[in-house]
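Please open the model in your viewer and keep the sequence panel beside it. The stops below are given in the order in which to select them.

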Amino acid sequence: MSTVPSSSLTEEPNQSEKSYSPALNPEDSEEELNASEQLNDSLEVIGEGSFSRVYGHTHSPWGGQVYKVCKNPDDVRRLLHESKLYDELRMFIIDRNGADFLCPFFRVLLKPPIDQQPHEGTDPKPDVDNHIFPYPTIQLDRIPALTFALEPLYKRLFVSEGAQSRVPRIHLLRLCLGCDLPMQITDFPQGFTSDLSVDYSRYTKLEEIFVGLPPIGHIAHGMGTLLASMHWGVGIDALNVKLVLGSRIIQNQFFWQCWVLNLDQVNGSDGGTADLQCERWLVYRPLEYLRFDKLTDGAYRDEDLVSGAMRLAHVISGQDYYPNPHYPELYEQFKTAYMAQVGVLINGVNNTSAGPDLFLSENRAGATKWVPKIYEAAGAFIKELDSLNTEKRRRRDERAQEERAARVGEQWRRAGQE
Ligand SMILES: Nc1ncnc2c1ncn2[C@@H]1O[C@H](COP(=O)(O)OP(=O)(O)OP(=O)(O)O)[C@@H](O)[C@H]1O
Ligand SMILES: [Mg+2]
């Protein structure tokens with residue numbers, strides 16, 4: 001586990017950072033909240049996406065629960081999918097250290113009674129005290145926010161003077177190891193509510209200052225492990241799943257922790273609508289059902305395993321989270337972890353807790369048929385990802401070169417006019 005009481009910064013925090021020092025006792029803040037019995041008053045929007053608004057309690061950024069409330073009352077099926085996937089993914093989560101990704105615990109799906117459906121003007125905010133949920137909602141454990149000490153530092157390092165007043169609160173940071181962000185954010189769009197991001201450069205800058213942030217190579221490794229679990233354990237293509245840095249509190253100690261969230265955009269094999277993005281690409285519990293003739297499902301149903309896996313590469317190369325060949329060391333760690341985790345999942349299949357032969361004796365034919373194909377398909381995924389990423393990089397370099405040439409041309413033109 002990647003440790004660090006937030007107090008152990010290598011740099012002496014300045015006055016404002018000191019005043020942000022968290023009281024590292026999430027239980028105290030919960031007690032305070034219960035004593036006042038005004039849960040609703042402290043409920044605020046802590047995050048928002050296209051699909052939902054997420055409410056959490058002001059007084060407990062490091063614990064308690066959040067309420068993910070659909071913006072559209074008809075999206076209840078999508079919420080149901082998300083809750084199932086949170087449950088499924090948790091089965092594959094490895095909890096070794098802060099660079100392995102954890103996933104928040106799903107508690108309950110809440111929806112209004114049939115005769116109290118929301119209409120235009122209904123306030124979507126849950127009334128937690130009276131247990132009234134006007135819009136479909138899921139209750140999840142809160143991903144503990146980052147220590148407050150990080151917030152002023154992030155702003156000082158990465159937000160320009162002019163944009164300081166518009167920085168949203170920083171609870172979590174998106175881990176975008178696959179993109180190159182400008183070192184300084186100079187503007188935020190109107191109403192910006194997303195999590196802020198760190199890429200390689202910003203993360204390594206933070207690493208110089210905060211002791212015990214998970215080493216970036218471990219995060220790359222954790223991403224590979226997680227992605228393989230989503231692809232082959234749960235059987236989803238993982239489009240738009242968010243990877244963030246948050247924290248974790250154990251016995252009043254603060255630890256940095258990587259988390260995965262946002263699993264709602266899932267189109268099950270039950271004929272969901274086409275605009276849903278993240279697809280279930282394999283049958284439910286793919287590795288348990290190797291007796292099936294076909295493992296691919298949903299929008300991938302007509303693909304074989306190898307071509308389906310190659311399609312996954314197109315999904316993943318378009319995501320900003322996962323490392324790419326621009327940082328070869330990270331990329332290698334990511335790919336190695338991915339393939340290793342496929343092996344772990346397959347070995348898990350071959351060695352169920354009920355005895356090594358139980359699964360095989362039931363599904364020996366299926367396993368003999370599918371295991372080599374799964375390895376082949378996972379290898380095809382990596383190969384296709386390599387070539388897509390390399391091509392992406394080449395196009396980006398070409399564009400940068402063209403832009404540079406255009407700038408120089410413009411300078412010459414201006415110089416000629418003077
Ligand atoms: N369990 C949680 N703990 C803490 N914060 C959370 C939790 N779930 C969601 N959030 C916050 O709320 C934001 C929006 O959540 P989420 O991504 O699930 O919503 P969404 O509407 O499905 O988003 P999108 O349109 O991007 O898919 C997250 O980026 C995160 O900041
Ligand atoms: Mg979503």
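Two strands count as paired here if DSSP finds at least two bridges between them. This matters for the sheet visited below, where β4 and strand β10 (residues 253–261) pair in the parallel sense over two bridges.

**Whole chain**

The model is predicted. Colour the protein chain by pLDDT: the average is 84, and 83% of the residues score at least 70. Then switch to a cartoon, in which nine helices and twelve strands make up the secondary structure. Of the 418 residues in the protein chain, 36% count as buried. Among contacts between residues at least 6 apart in sequence, 69% join residues at least 24 apart.

**The five-stranded sheet**

Select the strands β4, β10, β9, β7 and β8; in the order β4-β10-β9-β7-β8 they form an open sheet with mixed pairing. Which strands stand at the edges? They are β4 (101–102) and β8 (196–198); each has a single partner strand, so one side of each is left without a neighbour in the sheet.

F101 stands opposite C258, and L102 stands opposite W259.

Next, select β9 (residues 242–250), which pairs with β10 in the antiparallel sense over nine bridges. Follow the chain from β9 into β10: the two form a hairpin with two residues between them. In that turn, Q251 has a positive phi of about 45°.

**The nonpolar core**

Select L175, L177 and M223. In the largest nonpolar core, which has 83 residues, these three touch the most other members. Helix α6 (residues 216–234) supplies the largest share of this core, ten residues. In soluble globular proteins, nonpolar side chains tend to be buried together.

Now centre on L175. What is it in contact with, leaving aside neighbours within four places in sequence? The list is V198, I219, L243, V244, L245, C258 and Y321.

**Around ligand 1**

Select ligand 1 and display its surroundings, a shell of 23 residues. The closest are G47, G49, S50, V54 and N262. β1 (43–48), β2 (52–57) and β3 (65–70) each supply at least two residues of the shell, and the largest share, three residues, comes from β1. Colour the shell by class to see nine nonpolar, eight polar and six charged residues.

Go to helix α7 (residues 305–317) and pick A313. Is A313 buried or partly exposed? It is partly exposed, because 19 other C-beta atoms lie within 10 Å, and a residue needs 20 or more to count as buried.

Show K383 as well: it is 70 residues away from A313 along the chain, yet their C-alpha atoms are separated by 8.6 Å. Not counting residues up to four places away in sequence, A313 touches F381, E384, L385 and L388.

Finish with residues 1–33, where pLDDT stays under 50 and the model has 68 contacts beyond four places in sequence. Then select residues 266–276, where pLDDT also stays under 50 and the model has 22 such contacts. Where pLDDT is low, the predicted coordinates should not be read in detail.

Terms used
Residues are numbered from 1 along each chain as its sequence is written. Chains are lettered from A and ligands numbered from 1 in the order in which they are written. This is a predicted model: local features need pLDDT of at least 70, side-chain atom pairs count only at pLDDT 80 or more; totals for chains, interfaces and linings use all residues. Helices (H or I, at least four residues) and strands (E, at least two) are DSSP runs, numbered from the N terminus. A nonpolar core is a set of buried Ala, Val, Leu, Ile, Met, Phe, Trp, Tyr and Cys residues joined through C-beta atoms within 7 Å. A residue is buried if 20 or more other C-beta atoms lie within 10 Å of its own, exposed if 12 or fewer, and partly exposed in between; C-beta atoms are placed from the backbone. Two residues are in contact if their C-beta atoms, placed from the backbone, lie within 7 Å. A residue is near a molecule or strand if its C-beta atom, placed from the backbone, lies within 6 Å of it. Ala, Val, Leu, Ile, Met, Phe, Trp, Tyr, Cys and Pro count as nonpolar, Asp, Glu, Lys and Arg as charged, and the others, Gly among them, as polar. pLDDT is the predictor's confidence in each residue, from 0 to 100.
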